[in-house]
Protein chains: 4
Amino acid sequence: MVAARKCFARNGFHQSSIADIRTVAGISSGTLFHYFPNKQALVLAIVASEGEQVALCLSQLAEIADCRDALNLLLQLIAELAADGDANALAIEIAAESRRDPDVRALAADNDTVLREGLEGLIRAGIARGQVSNTVDAALVAQWLMSWIDGVFSRVSVDLAFKPMDQLPLMRQLLDMVLTGGRVMS
Amino acid sequence: MVAARKCFARNGFHQSSIADIRTVAGISSGTLFHYFPNKQALVLAIVASEGEQVALCLSQLAEIADCRDALNLLLQLIAELAADGDANALAIEIAAESRRDPDVRALAADNDTVLREGLEGLIRAGIARGQVSNTVDAALVAQWLMSWIDGVFSRVSVDLAFKPMDQLPLMRQLLDMVLTGGRVMS
Amino acid sequence: MVAARKCFARNGFHQSSIADIRTVAGISSGTLFHYFPNKQALVLAIVASEGEQVALCLSQLAEIADCRDALNLLLQLIAELAADGDANALAIEIAAESRRDPDVRALAADNDTVLREGLEGLIRAGIARGQVSNTVDAALVAQWLMSWIDGVFSRVSVDLAFKPMDQLPLMRQLLDMVLTGGRVMS
Amino acid sequence: MVAARKCFARNGFHQSSIADIRTVAGISSGTLFHYFPNKQALVLAIVASEGEQVALCLSQLAEIADCRDALNLLLQLIAELAADGDANALAIEIAAESRRDPDVRALAADNDTVLREGLEGLIRAGIARGQVSNTVDAALVAQWLMSWIDGVFSRVSVDLAFKPMDQLPLMRQLLDMVLTGGRVMS
DNA sequence: GATGAATGAGATTTCATTCAT
DNA sequence: TATGAATGAAATCTCATTCAT
């Protein structure tokens, strides 16, 4: 499955033939279909594993006492992950594939919901603990962060000059301001 | 070709067969290949036409006297465009295809550069006219806006509950703050 | 399609690969699938063409003035057809395939009904014209003849020593007796 | 193997995969191939077991004192067996497979010969005992009965409205007449 | 210019069979 | 004996592209 990941990241789901994958994996086609009933199952397995990583990452962030620290760390993790070619490529492949395969879409939407609700949860926890202004609309801010996250992944892929890390200071200040509430809220 | 656009938006570049396209277009395969030497040319033509729309849009924005008005309008146009299913789908298809086909990537990168430099130009013009703080890093802000734009397109596609328009007030305030300079700059 | 017939008769539907058929037909696989969307369609086309032959044959028999002459001729035609290797082989293949593929079964059942009702019609016409005893149960006799017809096809295939023609005199006498009515009816 | 029988009857020899059979049998493929060297051996074993049943049935019929009683009983047994879905399906599968696999054909032909010669033997015994006219051509009548038997199996499979039992009275009268000799012989 | 029949390489998937454990 | 992971040949079907008409 690690081989499939590599192939898919490099060439995309539909441009990676079963022959490519089995060659990289060093197994026969029969063996491949012994473990995965069809190519879609392979794709779904990879989407699911991405989801597990998201969940794992969120559970670690949730243990950080200060909500702002947690979110700042998240921004940094995203910037790092976006710079990882394979992770980035897979994210875009999954987005594209979601448009066609309803099963992929469902799984990807689950992953997405986990992340978004995780962010929302972090913010709410921050409000509860008094670390974030109680005028903040947690759902809206979570959506805003999700846009940025998706955007960073996209940018890295499209614009070779884009360095996620360069965006961090600006985003941190904006996030700080948003969480502080004040004039910024809708 | 409007038929190809429809097919590509609906099913993706690789899932739309020539047969699909020629059926929707109501022409024979021979005729199709008379106008486009191969399938890739069809894809490139569509990517190019997207680019023309971007350029057209920017030229109109450049004529607006107040840089902030222009950028606010841009935010709104993006929010509207992202909500258009076909435009959104095509954007994602192009992003995915760019990862494999260098010709597509080159063309898409050109489109991207046009937009990014257009934004940067708007901001610089704003600085020159004194509408934007001269402490603002135009390139950085343009990149930040590009992230958000890409992110909004992505969000619409992934999260059915996401409404681009809901994000506008927040983004407008943030943009305003960023352009005003002050503490926000890196 | 004549090539497919040959292959199917020789090796059966599932033992004839597309490659076999296209080789015999002297065309490429692409061409084959240009005319038939899939292998099943090829099978169905052949089953349908068998049905047309049955209908044609029956329409000719229906024009014979004497019902007994018509039925006697039918017995002879069956005996001749059963001796034709390809026709015989196809009949058995169709019977076997009908057990699995509902579409084939439906078409084969149609063919079968046409023949059975044709026989019944011949007998009823004979009764109407006074050529056959009006104590005869036309449906039952038609069923009996159908059994014999199927049986002859089967026998030829299983028992190399079986000569359909040798059975004709016996069957003609039995048929004559049945149609004459008398003690024989149920 | 009872599981294989079930699968073969339901789906046919070539449509039943080894995986199907071993699942129904509740054993592993390794175990299956421990007992049967290959799939063909499984088919042959089933064909052979059919033959044993035929032989058993005949030996019981041979013990009946009156030849006509024995043959009448046989007609009834056939009508009952033909109505048994699995037995019927297998008979057709064997007929179809015989056309391709010489080993199957040889075994099936043996079974067939046993039955035909058994019938012939019953009739000859009847002649010897004076229960059947000595003008009767035993071989020919046996062939005629075999045709009917095969035909009944085929009819049941093709024509859902066909009830073997309905045919019995007619066949019994015809058989009676044939065995009595007289005008009916060739 | 327009057509659509023909091509054939290549894709996914199945399945009988083997063999190390 | 029993297992089931591994094999790889072969099957069906797709599709971008060509070219004679």
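## Contact between chains C and D

In this predicted model, chain C and chain D each give 47 residues to their contact (heavy atoms within 4.5 Å). Together the two chains bury about 4,000 Å², of which 53% lies on carbon and sulfur atoms; buried area is the accessible area (1.4 Å probe) that two parts lose on being put together, summed over both. On the side of chain C, the residues that lose the most area to chain D are C:Arg99, C:Arg155 and C:Leu170, with 15% of what that side buries.

The interface of chain C and chain D holds 8 salt bridges, a salt bridge being a side-chain nitrogen of Lys or Arg within 4 Å of a carboxyl oxygen of Asp or Glu. One of the residues named above, C:Arg155, meets D:Asp112 in a salt bridge at 2.3 Å, N to O. Among the helices (DSSP runs of H or I, at least four residues), α8(C) gives the most to the side of chain C that touches chain D, with 13 residues.

## Contact between chains B and A

Chain B and chain A also contribute 47 residues each, and they bury about 4,000 Å² between them. B:Arg99, B:Arg155 and B:Leu170 supply 15% of the area that chain B buries against chain A. There are 8 salt bridges between chain B and chain A; B:Arg155 forms one with A:Asp150, with the closest N and O atoms 3.2 Å apart.

## Basis of the values

Residues are numbered from 1 along each chain as its sequence is written, and chains are lettered from A in the order in which they are written. Local features need pLDDT of at least 70, side-chain atom pairs count only at pLDDT 80 or more, totals for chains, interfaces and linings use all residues, and side-chain values use heavy atoms, without hydrogens and water.

Key:
Helix = DSSP H or I, 4+ residues; strand = E, 2+ residues; numbered from the N terminus.
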